[in-house]
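Please examine the protein shown below.

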Amino acid sequence: MRTLNRVLAPTLLLTLLAGCAALPEAPPPKRNVILFLGDGMGISTITAARIFAGQAQGGSGEEFSLSFERFPNVALIKTYNTDAQVPDSAGTMSAIMTGTKTRAGVISVAPVVARNDCAGSLQNPMPTLLEMAEDAGYATGVISTARITHATPAATYSHVPNRNWESDAQLPENAVAEGCRDIARQLVEFDHGDGIDVILGGGRAMFLASTEADPEYPNATGIRRDGADLAQTWQAGASGRAYVWNRAGFDALDPATSGQVLGLFEPSHMQYEADRARDPGGEPSLAEMTRFAIERLQRNGSGYFLMIEGGRIDHAHHEGNAYRALVDTGAMADAVSVAESLTSADDTLIIVTADHSHTLTINGYPGRGNPILGKVATEPGNYTLDAQGHPYTTLSYANGPGYQAEIPDLTNVDTEDPDYLQIATLPMAGETHGGEDVAAFASGRNADQVHGVMEQNRLFDAMYQTLFPGEAR
């Protein structure tokens, strides 16, 4: 019997091994990355938006938390460009998307490329994470409340030595002669994988000819000089593609289908969240676009990369209008909540960060719960006065259009009015960026790679290792 067992044991083992080999291979695990980019969402903006949102819900505000502030991993991010102490969005987003810091004003090209150097940009493009994801079979998406050809979204898919080359109308003749393409054309002629699956934002005029009337504003036209309708060109580029430009078209989209979608909801930037309800054609919110994109991209069983920009936080700050900046920050926090509800921390990395800060300051000694857009008061109505004997606001800017040669008496001014411009210390037509570090919040797969004080381009590594674990760049 023992002899028989010794004979059967190897035979049984070989049989079992053969049976295991015949089993189908387990599918690779899904891996997803969602990058939220609050353009200009510095730490002072987050603090003020937190208080603003908490007060809107009837609390004092200070104890409130925006959705992403509950993420377990937080880092401080250095934002400088290779040639700038205070950065711009093109160089900063390029660093996040390519893993390499570069100059201000250029998009996803190496730092050796000078601004406007077309030939140099053609010789020195830097591959982006979205391009890598498409080449590897991932689904991809780009969402922005700014023009989809603006610096932040453009850094995910294009390569230009000047961020302003959004359409051929901005391309100089020498750049055309040297073979450079505008950003809108690069999006339509994107040749990685099967193309970006979900594209939602503003910037319709960059895709329409100057002779073509805008569908929402009949007195406006596109700005392209080449006569092209790039939205139609994109739609004809593959079967099953859908192009929409208003709320009705967006609502008619079925997230359960798998066709690619291009949505361009404004000739330029989308409306501020505070003004969105008054848009003639109607626009989806950032949260609604986020929900649609995730539900659509999830149909790809191998995973996806999705970039979502709250682009108008930055624009409101440039205009010296804290109200709209804070409302748009809250809208992005709502979109983050949607992403959390639709994903699992086991297979999805969510990062929320900013490309740079602004000069917004929170100052004085207001009492707990004092309206964040109001005047500094230790208790309601008991205003703290400046050296001239006038009340002043908790929020102000270091520079910008709110400058006044003589500081006004704000006693009877409604500083909480949505159109109020906070007083600025220095006169500027547009308020500038700030140079301090910004925050990054991370949750889910590989979130522990976001910690400490980080160079901005290192955020790329956390995302890359999530989509391509163990692979060297």
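Predicted model: local features only at pLDDT ≥ 70, side-chain atom pairs only at ≥ 80, totals over all residues.

With which residue does Arg324 form a salt bridge? Its partner is Asp275, and the closest N and O atoms of the two are 3.0 Å apart. This pair links distant parts of the chain, for Arg324 lies in helix α13 and Asp275 in the loop between β6 (261–264) and α11, 49 residues apart. A salt bridge here is a side-chain nitrogen of Lys or Arg within 4 Å of a carboxyl oxygen of Asp or Glu. Helices (H or I, at least four residues) and strands (E, at least two) are DSSP runs, numbered from the N terminus.

Residues are numbered from 1 along each chain as its sequence is written, and side-chain values use heavy atoms, with hydrogens and water left out.

Both Arg324 and Asp275 are buried. Buried means under 20% relative accessible area, exposed means over 50%, and partly exposed lies in between (1.4 Å probe, protein chains only).

Glu273 counts as partly exposed because its relative accessibility is 26%. Another joins Arg181 and Glu189, at 2.9 Å from N to O. Arg181 is partly exposed because its relative accessible area is 34%, and Glu189 counts as partly exposed at 34% as well. Arg181 and Glu189 also belong to a network of salt bridges, which links them with Asp168, Asp182, Arg185, Arg224 and Asp226.

Covered regions come next. Helix α14 (residues 459–467) is mostly covered, with seven of its nine residues buried; among them are Leu459, Phe460 and Met463. Ala154, in helix α6 (residues 151–154), counts as buried because its relative accessibility is 0%. Its C-alpha atom is separated by 8.7 Å from that of Glu166, twelve residues apart along the chain.

The empty spaces remain. Rolling a probe the size of a water molecule over the atoms shows where empty space is left. On a 1 Å grid over the protein atoms alone, a cavity is a set of points where a 1.4 Å probe fits but cannot get out, and a pocket is an open set with protein on both sides within 12 Å along at least five of seven lines; lining residues have an atom within 4 Å of a point. Grid points are joined across faces, edges and corners, and a volume is the space filled by probe spheres set on the points.

The largest pocket holds about 270 Å³ of space. Of its 21 lining residues, Ala53, Gly330, Ala331, Ala333 and Asp334 lie nearest its centre. Helix α13 supplies the largest share of this lining, seven residues. The structure also holds one cavity of 30 Å³ or more, and the largest cavity has a volume of about 80 Å³. Its lining includes Glu273 and Arg276, together with Asp328 and Ala331.
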